[in-house]
Each structure stands twice: as structure tokens, then as C-alpha cells.
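Please look at the sequence and the structure that follow, and keep both in view while you read. The text takes one chain by itself before turning to the place where two chains touch.

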Amino acid sequence: MSARRPGIDKADYYRGIRMTPYDLIKEIAIATVGILVVVLILSAVLSSPDVPSATIQAWAKADPVDFVTTAASELSGQSTTAQYGPPYTSGSGSTQSIGPIEPEVWAGVHIPVDAPLDFVLQPLSQATVGDQTLASALNTFNDASAGQQAKWLNAYTNALGSATLVDNEVSVPSGSYGPVPILMSRLLSLARSGGLDALLLTSDHFYQTDYTKPLLFMNDGGYFVGLAQAQDLTGSQWGMMNETGRYPGQAWLWLYTLWYQIPPFNTASNGDLLVVVVMTILSLGLLLVPFIPGVRDIPRWIPVHKLIWREHYRSMTK
Amino acid sequence: MSEASGLGSSREVPRPAGPAPGTSRTDSPGVDDRGWTAAVRRRLDGRLPLEEVLPTRQPAFVGSWVYVFGVVTIAALVWVLVSGCVLAFMGSAWWHTSSLGHFFNSIHFWSVQMFFIFMVLHLWGQYWGAGWRDGRAKTWMVGVVLFLISIVTAFTGYLIQQNFDSQWIALNAKDAVNSTGLGGIFNVLNFGQMYGIHVMLFPIALTLLVVLHIVQVRSRGVVRPIGDPYVPDSGESVSTGGPR
């Protein structure tokens with residue numbers, strides 16, 4: 001054997017261990033080619049999932065009543081997003097805490113979303129060109145007191161419970177709704193044209209990559225969740241660990257997703273935060289396995305190593 | 001249980017000292033062993049000479065099937081990176097409109113699946129072999145960090161597919177991220193932010209950590225089997241536990 005290099009003590013460490021020829025490059029080459037062959041076969045035979053994204057346009061066409069109901073809840077400030085809390089709003093509808101620990105509240109609003117303005121009034125105001133009826137309705141709504149707006153929206157939202165489709169328009173029994181039906185009708189038309197998808201992306205910049213607002217708006221309705229249910233993707237169906245079609249999805253998230261299936265996580269209002277805390281503790285535990293008595297000793301107590309190094313132990317016996 | 005009798009013994013294995021600083025290892029003209037560069041070279045050469053990076057002999061117990069998983073994990077990562085580079089170069093919409101693009105997406109998809117399958121098998125293999133023994137705790141810890149970063153990297157990959165899966169996963173995940181207070185700076189609904197993180201930041205971190213992990217493994221070599229402890233010249237066992 002050649003003279004030992006400074007700082008390397010393997011000859012000492014492996015004293016008494018039989019050494020055998022080993023070709024690392026050959027092993028890596030075979031593994032790389034082998035994996036490529038398997039991946040190519042799987043890609044050719046099974047392909048990969050690509051269900052087209054949902055759009056507000058498709059939603060407005062497929063389920064106009066759900067769309068209008070959602071839009072009305074945005075305008076009245078009653079939607080999930082409108083009441084979410086940080087980082088979108090100053091509300092507290094979806095904030096989670098563990099006792100005095102309130103990370104969302106501490107972090108505050110960083111992505112401000114004004115549901116009535118961003119999802120309804122602002123897009124409509126950009127569609128008033130050549131539509132005097134809409135412009136007038138917007139003025140009437142904006143000039144009304146908050147109390148009057150709430151009365152119109154409450155009455156209209158209640159009436160939506162018995163809404164019907166007449167000539168592809170959402171029709172409700174007559175009532176005192178003020179300008180709300182016109183606003184909703186125009187927003188529905190705007191959405192059906194695809195214009196609302198674009199308007200919810202609009203910011204002060206030409207290039208757009210932030211889909212926060214259109215996604216939050218779609219998530220407030222029932223249509224989007226219905227699409228997910230049809231694909232077995234909802235939380236009670238192991239949620240985001242799955243993906244569309246019969247593909248493995250993010251199977252490595254099984255432990256994270258598991259907690260959402262069992263009490264108290266699946267019923268607690270702060271379930272997300274509880275799961276994050278549990279997974280953080282478990283991850284730290286995995287990281288620190290070498291230093292945790294008991295956990296680090298399990299491999300000695302349960303002798304899987306006898307299977308791993310079967311040949312070695314056999315040679316020792318001889 | 002005392003540390004000496006537990007599998008958690010991560011005590012440093014004694015190393016023979018390298019040449020003293022400032023002393024020359026060669027008489028060749030033009031070679032100077034003084035300065036920072038020489039110190040780094042000495043350290044690298046001492047800890048990881050080429051014969052350890054590319055070994056031609058290994059302990060016979062390395063013939064166990066459990067050692068295949070780490071190599072295959074790296075092989076899968078190679079194809080994850082290659083297919084990812086093609087997808088990144090051609091643009092985020094390419095694979096939705098081109099059959100060739102979709103095929104490359106499938107290669108990326110299945111390479112990731114292979115990567116995780118073999119990484120998890122590698123992790124379990126190292127756990128049941130208590131691979132952290134004899135001063136290898138840092139190697140285990142870097143491996144766990146790699147595992148966790150890989151999960152986040154794959155997650156951001158799902159977010160930037162620009163299809164229904166990415167919409168749904170983003171909207172589901174936002175509540176968990178927001179609950180930590182990090183939603184404002186890690187906005188899973190922001191495609192641009194997730195795209196940059198997925199195609200650049202995490203792959204760079206992942207690749208660097210994989211290199212570090214391999215250097216750690218090659219530097220110390222694979223750990224001896226449980227129950228066959230290393231006994232240095234002092235006679236004190238530092239690799240303990242295992243069958244009695």
C-alpha cells in the first residue's frame with residue numbers, strides 16, 4: 001500500500017476490515033444510465049399530469065350564480081379573503097395562534113387586499129368606458145352610506161338563495177337592491193369575457209407574475225373547490241400531497257398531511273399552526289438523531305443492521 | 001447509557017497531524033507553502049486527497065445493497081437538474097404547448113420521484129446502520145438538511161407548474177405558511193417569486209450541499225458495521241453498540 005497521506009486515517013480506521021476493489025466512476029455511470037432508462041420508460045408510458053388551470057372566465061360561464069354570490073360577498077366584505085387577516089387584511093377571520101403566540105398578527109399586513117375595491121369596484125370602474133349605466137350605478141353605490149350599501153347587499157345576498165338563470169343572466173326576485181344587480185351583472189359579463197382575469201392581475205407595472213388576487217378571489221367561491229373535490233384533492237382527501245390524475249404526487253409530504261386527518265388537528269381552528277409546530281419539532285428531532293439518547297440507540301435494539309451487513313457478520317463468524 | 005456504549009458516539013476519530021504550517025512538503029523550485037492559498041491547499045490535500053475522492057478500494061462491507069441508494073439518489077438528481085435546465089431554458093409555458101416539452105416535464109417529474117424514493121431509502125439505510133457514529137454526526141445533519149430542502153424545492157416546483165395542481169396546492173399551502181407569519185415574505189401565490197426560488201436559489205443550495213455531503217462521506221469513509229467497533233491504538237473503543 002502506498003504511503004499514507006497526512007490527515008487521512010482510514011487505514012487505521014478500517015484495521016481488521018477486508019478491503020476489496022471498488023470502481024466508483026463505473027458505479028456512478030451505471031446508476032446514471034440506469035435511472036435515465038427507468039425515467040424515460042416511465043415518461044413515455046405514464047407521462048405527467050397537466051390539468052389546465054382554472055380561470056375566472058370558466059367559472060363565470062360554468063356557474064354564474066356561484067360567481068355572483070362570491071362577488072357580492074367580496075363587495076359586502078363578508079368573504080373569506082375580506083375577513084382573512086394578515087398578511088392580506090387587518091381582520092382576524094383566519095388568523096391562528098397558540099395561546100399568546102400569534103405569528104400572523106405579529107407579522108402584520110404585507111400583501112394588502114381590499115376585497116370590495118380590488119375584486120369588484122376597481123375592475124368595474126375600468127370597464128365604464130361607453131357604459132353610462134354602469135358608471136351611474138357605480139356612482140350611486142359609492143355615494144351611498146355604508147349602512148345603505150349593507151342593506152342593499154344583504155337583501156341581494158339573501159335573494160341569491162333563490163336565484164335563477166334567465167337568458168344566461170342571474171335573476172333574483174324583485175327587491176330593494178339599489179345598484180347592486182347592475183354591478184353584479186356587469187361584473188359577470190366582464191368575467192365571462194376573460195377581462196376580470198386580466199384586471200385582477202393589474203398593478204402599476206407592465207409585467208405581471210403575482211397571481212395572489214385572482215387566486216384568492218377564485219378560492220372564495222364554490223366552483224374552484226368543486227373542481228378540487230372532483231380530483232380528490234381536498235384536505236380530507238389528503239390535500240396537497242395528492243395531485244390530479246393517478247400520479248404519486250408529493251408522497252414525501254405524507255407525514256405532514258397525516259396530521260390534518262386526525263384530531264385535534266383536523267378540527268382545531270389553529271390546525272395549520274399546530275401542524276407546522278409539530279413538523280418543526282419532528283424535523284429538528286430528525287436532524288439531531290445522533291444526539292438523542294434512545295432514538296439513536298434504536299438501530300442497535302432492532303437489528304436491521306444484521307440484514308444490511310449480513311455478509312460482513314457472516315465473514316466475522318467464520 | 002454512557003456515550004461510550006451508545007450509537008450516538010460522534011466523537012472525532014483521532015487524525016494524525018499534517019505538516020506544520022510554514023514547512024515545505026516539496027523542494028521543487030517555485031513552490032511555496034506559505035500564505036492562505038497554501039494553507040487551504042494543505043488542508044484540502046490533507047483531508048481529501050484524490051485517492052479518497054476517487055477510491056479504488058473500499059471495505060468489503062460496502063458491497064451491501066444499502067450503499068446503492070446514495071449513488072442512485074445522486075444519479076436521479078443529475079437528471080432532475082438536466083431536465084430542469086431544459087425546462088428553464090425553454091420557458092415556463094413551453095411544456096404546456098409542446099409534446100416535446102411535455103416529455104421533458106415528464107422526465108423532470110419522474111426523476112424527482114426517483115430522487116425522493118432513493119433519498120428516503122438512503123436515509124432509512126443510514127438510520128438503521130447508525131451512520132452518524134465515529135464522528136459522522138455532521139454528515140448525518142447535512143443529509144437531513146438536504147432532505148428538508150429537497151421537500152421545499154419540490155413543493156415550489158409544484159407551485160410553478162402553471163396548471164390546476166399549482167393553483168390548488170398554492171391555495172392550500174398559503175394557510176400553513178401564513179400561520180407562521182412568513183406569508184408576507186414567502187408568498188406561495190406569487191408565481192414570479194416561487195419561480196425564481198425553484199429554478200435558482202434552491203437548486204444552487206441543493207447542489208452545494210450535495211457536494212458537501214459527498215465530501216464529508218469521502219473524507220471520513222463509510223462507518224464500520226454496528227458491533228464491529230473501531231479500536232484505535234489507545235485501545236479505547238469509539239464505535240460501539242450493536243449485537244452483544
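In this predicted model, 68% of the contacts in chain B with a separation of 6 or more are made by residues 24 or more positions apart. To see which elements the chain is built from, follow chain B along its sequence, where the pattern reads α-α-β-α-α-α-α-α-α, and where the secondary structure comes to 8 helices and 1 strand. Of the 244 residues in chain B, 43% are buried, a residue being counted as buried if 20 or more other C-beta atoms lie within 10 Å of its own.

Now turn to the place where the two chains meet, at which 95 residues of chain B are in contact with 85 residues of chain A. Several elements of chain B each supply at least two residues of the side that touches chain A, and among them are helix H1 (36–47), strand E1 (57–59), helix H3 (68–90) and helix H8 (191–220). Which helix gives the largest share of this side? That share comes from H5(B), which provides 15 residues. When the side of chain B that touches chain A is sorted by class, it has 54 nonpolar, 33 polar and 8 charged residues.

The strand of chain B deserves a separate look, for E1(B) is joined by 3 bridges to strand E1 (residues 19–21) of chain A, and the two run antiparallel. Within this pairing, Thr20(A) stands opposite Gln58(B), so that a reader who finds either of these residues in the structure can look across to the other.

Definitions and conventions:
Residues numbered from 1 in each chain as written. Chains lettered and ligands numbered in written order. Predicted model: local features only at pLDDT ≥ 70, side-chain atom pairs only at ≥ 80, totals over all residues. Contact = placed C-beta atoms within 7 Å. Helix = DSSP H or I, 4+ residues; strand = E, 2+ residues; numbered from the N terminus. Nonpolar A, V, L, I, M, F, W, Y, C, P; charged D, E, K, R; others polar. Buried ≥ 20, exposed ≤ 12 C-beta atoms within 10 Å, placed from the backbone.
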